[in-house]
Amino acid sequence: MNPTQQFEQAKKARIHALGQDTAFAKRSRQWLEESMRKGYVYNFSWLGRPIIQTPNDIVAMQEVIWKVQPDLIIETGIAHGGSLILSASMLVLNEECGGPAGARVLGVDIDIRQHNREAIEAHPLSSRIDMIQGSSVLPAVVAQVAAKAVGKKKIMVCLDSNHTHEHVLKELNAYAAMVSVGSYCIVFDTFVEDMPEDVFPDRPWTPGNNPKTAVWAYLDKHPEFQIDHEIDNKLLISVAPDGYLKRVR
Ligand SMILES: C[S@@+](CC[C@H](N)C(=O)[O-])C[C@H]1O[C@@H](n2cnc3c(N)ncnc32)[C@H](O)[C@@H]1O
């Protein structure tokens, strides 16, 4: 075994062991809970745009986008645009390194605030980005997204809009089928299931009614997707446990 293989093997074994470490998982959940109560996820930006993610999930996105080499990333939930800019920046880097040319990001949001739209459109990476305003589950919006997906070879989907069970399940039913084999559907904020009820007092999502329960319901009928537990085990602190779904067939 060469040194690179040795490194990768040690990493795999370490990540597997982390996945068995229930005490560390508990402490990680406690840290996540405390960080949510303090608004930690609002601390960061990507190339100048606020991104509502944990740094860990941002790194995982980088790893997935590099591995998959998508030519289209579909994202529901734009907010300030940070996740669109993250995806666009990775597509540019992929291309620079020999990946697909002209790959694009398509964002959908029910309410693209004017100041956010202007800032995203003024960003140097805006030429990679398309945006649709409307609810992600409206048939007319799904049809517009499907039209943009025609002819694309490797599609990735990220769901980060309304986090109720019903909404996310509808999104999964609308968009997961667009994901290419070998690519991912990433469902954010599945961690709501693991948090005490009072962490999101002003939101409709709760334990029992959130993206993770939607993922579980969806996977029951869709064996073509599997949870990539290796990502959960390596991150430990993540808003998307059980949410990194790989399309395996
Ligand atoms: C958590 S933020 C998205 C954060 C962004 N992905 C990021 O990482 O910076 C959620 C967004 O979902 C949008 N949203 C809420 N309900 C929606 C719906 N039914 N369809 C599309 N977007 C929706 C909100 O307007 C909000 O901008």
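Which backbone oxygen lies 3.2 Å from a polar atom of the side chain of Asn116? It's the one on Ala79. Before I go on: this is a predicted model, where local features need pLDDT of at least 70, side-chain atom pairs count only at pLDDT 80 or more, and totals for chains, interfaces and linings use all residues. Numbering runs from 1 along each chain as its sequence is written, and side-chain values use heavy atoms, with hydrogens and water left out.

Okay, back to Asn116. You'll find Asn116 in helix H5, residues 114-122; helices here are DSSP runs of H or I with at least four residues, strands are E runs of at least two, and both are numbered from the N terminus. Asn116 counts as buried because its relative accessibility is 5%, and buried means under 20% relative accessible area with a 1.4 Å probe, protein chains only. Its side chain also makes a polar contact with the side chain of Arg49, at 3.1 Å. By polar contact I mean N or O atoms within 3.5 Å, one able to donate a hydrogen and the other to accept it, and residues adjacent in sequence count only if both atoms are side-chain atoms.

Now, the strands. E9, residues 244-247, pairs antiparallel with E7, residues 184-187, over three bridges; pairing takes at least two bridges found by DSSP. Ile186 has Tyr244 as its bridge partner in E9. E8, residues 225-227, also pairs antiparallel with E9, again over three bridges, and there Ile227 stands opposite Leu245.

Zooming out, the protein has nine helices and nine strands, and 47% of its 249 residues count as buried.

Note on methods
Buried means under 20% relative accessible area, exposed over 50%, partly exposed in between (1.4 Å probe, protein chains only).
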